[in-house]
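Hello,

Here is the structure you asked to see.

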Amino acid sequence: MSELKPYDDNQLKVIVTQEQIEEKIIELGKKISEDYAGQELVMIGVLRGSTYFLIDLTRKMNIPFAIDFISISQYSEQASSTGVVRITKDLDVSISDKQVLIVEDIVDTGLSLGYLLRNLKTRNPAGLKVCTLLNVEARRIVEVPVDYKGFDIPNIFVVGYGLDYNEKYRNLQLIAELKRPK
Ligand code: IMP
Ligand code: MG
């Protein structure tokens, strides 16, 4: 879906173009391939937003790796502000003694990533790093390491390239701000 046509009353405004995403993914794929050459790497996609990014990123890599997915959900608005989240789909592979790269769509408050990092660390990976397509520094509540980053964006609500609004707009080939009608 490359056409920027809202499904509803919301307005869409391009923030990152398809070309910018493609260029950045080539750059990240090259960097990750260099950094992890000769190591046993597991790429972990955080469902569901990171799927488009993860798949395209791996296509630009030229080293072997394993892929797995994890899904987490917040208990409630209140609980999410304390970083209490629940794993709704766990990994299928062991990450013990492996190099792990978590692939995220967006790091916003950092609460879900903070939880994920704490949880995965207990499984004794050889290394644990983070790659995110989007980073919203202005929204950070907990400090989390971001080792590979696509784009820094301001505090706006975005959709596309995996990111959704009520499950819509994931298949946009670019990142757009979703503006609610005034
Ligand atoms: P956190 O606030 O860093 O814990 O982000 C939690 C999750 O909320 C992210 O992984 C996304 O799935 C989702 N999210 C945060 N900001 C946005 C946004 O602007 N659009 C769509 N989803 C978002
Ligand atoms: Mg997410």
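An oxygen atom of ligand 1 lies 2.6 Å from an N or O atom in the side chain of T109. Another such pair involves S112: an oxygen atom of the ligand is 2.4 Å from an N or O atom of that side chain. At V158, a polar backbone atom is 2.7 Å from a nitrogen atom of ligand 1. The protein covers 79% of the 490 Å² of accessible area that ligand 1 has on its own (Shrake-Rupley method, 1.4 Å probe).

This is a predicted model: local features need pLDDT of at least 70, side-chain atom pairs count only at pLDDT 80 or more, and totals for chains, interfaces and linings use all residues. Residues are numbered from 1 along each chain as written, chains are lettered from A and ligands numbered from 1 in the order written, and side-chain values use heavy atoms, without hydrogens and water.

Now the shell. 14 residues surround ligand 1 (a heavy atom within 4 Å). The closest are D108, T109, G110, S112 and V158. By class, the shell has 7 nonpolar, 3 polar and 4 charged residues (Asp, Glu, Lys and Arg count as charged; Ala, Val, Leu, Ile, Met, Phe, Trp, Tyr, Cys and Pro as nonpolar; the others, Gly among them, as polar). Strand β5 gives the most, with 4 residues (strands are DSSP E runs of at least two residues, numbered from the N terminus).

One residue to look at elsewhere is I44, in strand β2 (residues 41–47). I44 counts as buried because its relative accessibility is 0% (buried means under 20%, with a 1.4 Å probe and protein chains only).

Best wishes

How values were computed. Polar contact = N/O pair within 3.5 Å; in protein donor to acceptor, adjacent residues only side chain to side chain. Buried < 20%, exposed > 50% of the residue type's maximum accessible area, 1.4 Å probe, protein only.
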